[in-house]
Amino acid sequence: MTQKILMVDDEADLLKISLLRFKIAGYEAFGAADGREGLDLARQKTPDLIVLDVFLPGMNGDEVARILKKDEKLKRIPIILISADVETLEKRARESGADDYLAKAFEAGELVGMIKSTLAKRGQKAALS
Amino acid sequence: MVRKNNGYPPQTIKLLQKRISELETVDIERKKIEHDLEASETRYRRLFETAKDGILILDAKTGMIVDVNPFLIEMLGYSHEQFLGKKIWEIGFLRDVIGNRDNFLQLQREKYVRYENRPLETASGRKIDVEFVSNVYQVDSQKVIQCNIRDITDRKRMEKELAQTKESQFRTLIESLPQKIFLKDRNSVYISCNANYASDLKIKPEEIVGKSDYDFFPTQLAEKYKEDEKRVMGTGKTESREEEYHIIRDYLAGFEKAFINIVRAPVRDSAGKIKGLFGLFWDITEQKMMETEKNRVEALAAASETKSRFASMVSHELRSPLAVIKEALAIVLEGMVGSVNPEQKDILGMAQKNIDRLGRLINNVLDFQKIEFGKMRFDLQENDLGEVAMEVRDSMAVLAKRRGLDLKMELEEGLPKMTFDRDRVIQVLTNLTSNAINNTEKGSVTLTVRKKNDVVHLSVRDTGAGIPAEDIPKLFQPFEQVVGVPTKKKGGTGLGLVISKEIVLAHHGKIWAESEVGKGSTFHLVLPIQERRGLS
């Protein structure tokens, strides 16, 4: 079954090009432009991985991550936090319970690589348990 | 003497006998008292005659001198007759002592008077300090005054000497203090000052007496000082504050502004009444200037920090759209969204190449900023330097091939593991290798990795144009673009080698270049094997 990636970013072009990259890499990909929409999509589609930008209108990405990690149904979905604010990124990721983080601006290949390895680790874990 | 039965009844005789016996007892006691009194008087007389204090006996009512002892006569050198029968205020040399009527009346009232602040003058004109104690006694029905006069000249002299010593010690202390010190009266007129202050005013310390600040300072300033002093003397509270001061350079040149810390304290008399003001101050101009300088440096640092944050923000903002452009180009070029003809591919490839260059430039600027502000962080891990070198060789192979160059690798086997920041060392090697490739028209670029004692020596050798000797020292300086170094030709930031040097230095390593024009250049890099805790 095709794995599903949700990406939440208010930079429309970056979101569009990234989703295209994910699709080329063989994933089913869908995006949201803010945290609220992201949460709705996560609940509707139960993605296999979520990429969250930190600075979003209304609700910050790390806040979204915190809500997801408290949700019984969704808390096992791995989250990758992305931001151009490299100074606070690691701390935000740690405190929100995100699984990994990547500083903007990254190469699309880097993000796809990280998605692949995260999903692989998750798969191993699932297979073990 | 008892007569027998001379006609009186025996009871009467008995009574009379008893009475006589009683009278005899009284007589004996009276005689005893008389004798005692006589003895006491004798004793007193002897004391009076031999006393080592002068004694005067006066009639308390009239003030007439009735007796004077030999010691006083000897002490003052006047004869017995010059005293006796005279009223005390009639005697010249005593007139100032107790010789005035008021004092005498006080003595009559209070029965006791004591002075020691009125010296006497002897017949030979010598002043002697005396302690004068007078008591009023009742003798029989008459009141007498006994004046004891003790010579205290020696004691007074010693006291005075001691006080002088104390004062001179105090004076020495005041003079030796580095502070400026002055004393003023209630009207802000100078009483005294130390030499340090006097030299400030360009006068001698003794010349200050009777002068005021109006004599030394501009009127406005003198008025301000007077106000300040008036306030301190009014409230009675000591004040310590920083204020501006005017140092007199010379009267023609005018004043030089300075900063002082001044303490103004009220001076009180023994009754607690404020009678003047004590001032003490010292120059804090240098300290003030240092504070100002410190503030200036801090402001500069803050401004610089703002600049750094701004640059960092701009760089990040620039990189975001860059990433999108790069990705879009890549997706199209890969043919993911439809086929691309060779001409389109060529044009898009050009765009891609320049996007990569722009990305590198932005990264360099970011790195340089980090170095400038000491914000570059290193992720130290145990790594294999040989593996790192091979990775760089592999990533550069395409570029070398495109330029028709032979990219060679001389790698010593069995290199030890070393602790360094993998990405940063790759950055340095990539920079050196891409410089070499871009600077070489034909021939080869060779990467060498060798262990030498406790270091690993890496070098990147090319067969390019070479760098003139005088330009080699400029290589590692910011914004110095040297002819023959690709930054010039390829339009770099001139920061690549500067950043490389900083990374190597932070790893406690060394980086340098050797070159010969026409033959090529070699860039050397040495990294210590031994693990170092913490980077500089």
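**Figure 1. Contacts across chain B.** Of the contacts in chain B between residues at least 6 apart in sequence, 53% join residues at least 24 apart. Contact here means heavy atoms within 4.5 Å. The model is predicted: local features need pLDDT of at least 70, side-chain atom pairs count only at pLDDT 80 or more, and totals for chains, interfaces and linings use all residues. Residues are numbered from 1 along each chain as its sequence is written, chains are lettered from A and ligands numbered from 1 in the order in which they are written, and side-chain values use heavy atoms, with hydrogens and water left out. Chain B holds 14 helices and 19 strands (DSSP runs numbered from the N terminus: helices are H or I, at least four residues; strands are E, at least two). Buried residues, those under 20% relative accessible area with a 1.4 Å probe and protein chains only, make up 38% of its 536 residues.

**Figure 2. The largest nonpolar core has 44 residues.** Such a core is a set of buried Ala, Val, Leu, Ile, Met, Phe, Trp, Tyr and Cys residues joined through side-chain atoms within 4.5 Å. L385(B), L429(B), V456(B), L475(B) and F523(B) have the most contacts inside it. Helix α12(B) gives the largest share, 7 residues. Leaving aside residues up to four places away in sequence, L385(B) touches M418(B), F420(B), V425(B), V456(B), L458(B) and L527(B). A second, separate core of 23 residues includes M233(B), A258(B), I260(B) and I274(B).

**Figure 3. Helix α11(B) against helix α12(B).** The axes of α11 (residues 385-402) and α12 (residues 422-438) of chain B come within 9 Å and cross at roughly 40°. That makes α11(B) oblique to α12(B) (angles under 35 degrees count as roughly parallel, over 145 as roughly antiparallel, 65 to 115 as roughly perpendicular and the rest as oblique). Among the α11(B) residues in the contact are L385(B), V388(B), V392(B) and L399(B); the α12(B) side includes V425(B), L429(B) and I437(B). By class, this contact has 11 nonpolar, 4 polar and 3 charged residues. Ala, Val, Leu, Ile, Met, Phe, Trp, Tyr, Cys and Pro count as nonpolar, Asp, Glu, Lys and Arg as charged, and the others, Gly among them, as polar.

**Figure 4. Helix α10(B) against helix α14(B).** Helices α10 (residues 342-372) and α14 (residues 496-506) of chain B pack at about 45°, their axes 10 Å apart. α10(B) is therefore oblique to α14(B). N364(B), D367(B), F368(B) and I371(B) of α10(B) meet G496(B), V498(B), I499(B) and E502(B) of α14(B). The contact divides into 4 nonpolar, 2 polar and 2 charged residues.

Conventions:
Axes are lines fitted to C-alpha atoms, for helices over the stretch in contact, and angles run from 0 to 180 degrees between N-to-C directions. Buried means under 20% relative accessible area, exposed over 50%, partly exposed in between (1.4 Å probe, protein chains only).
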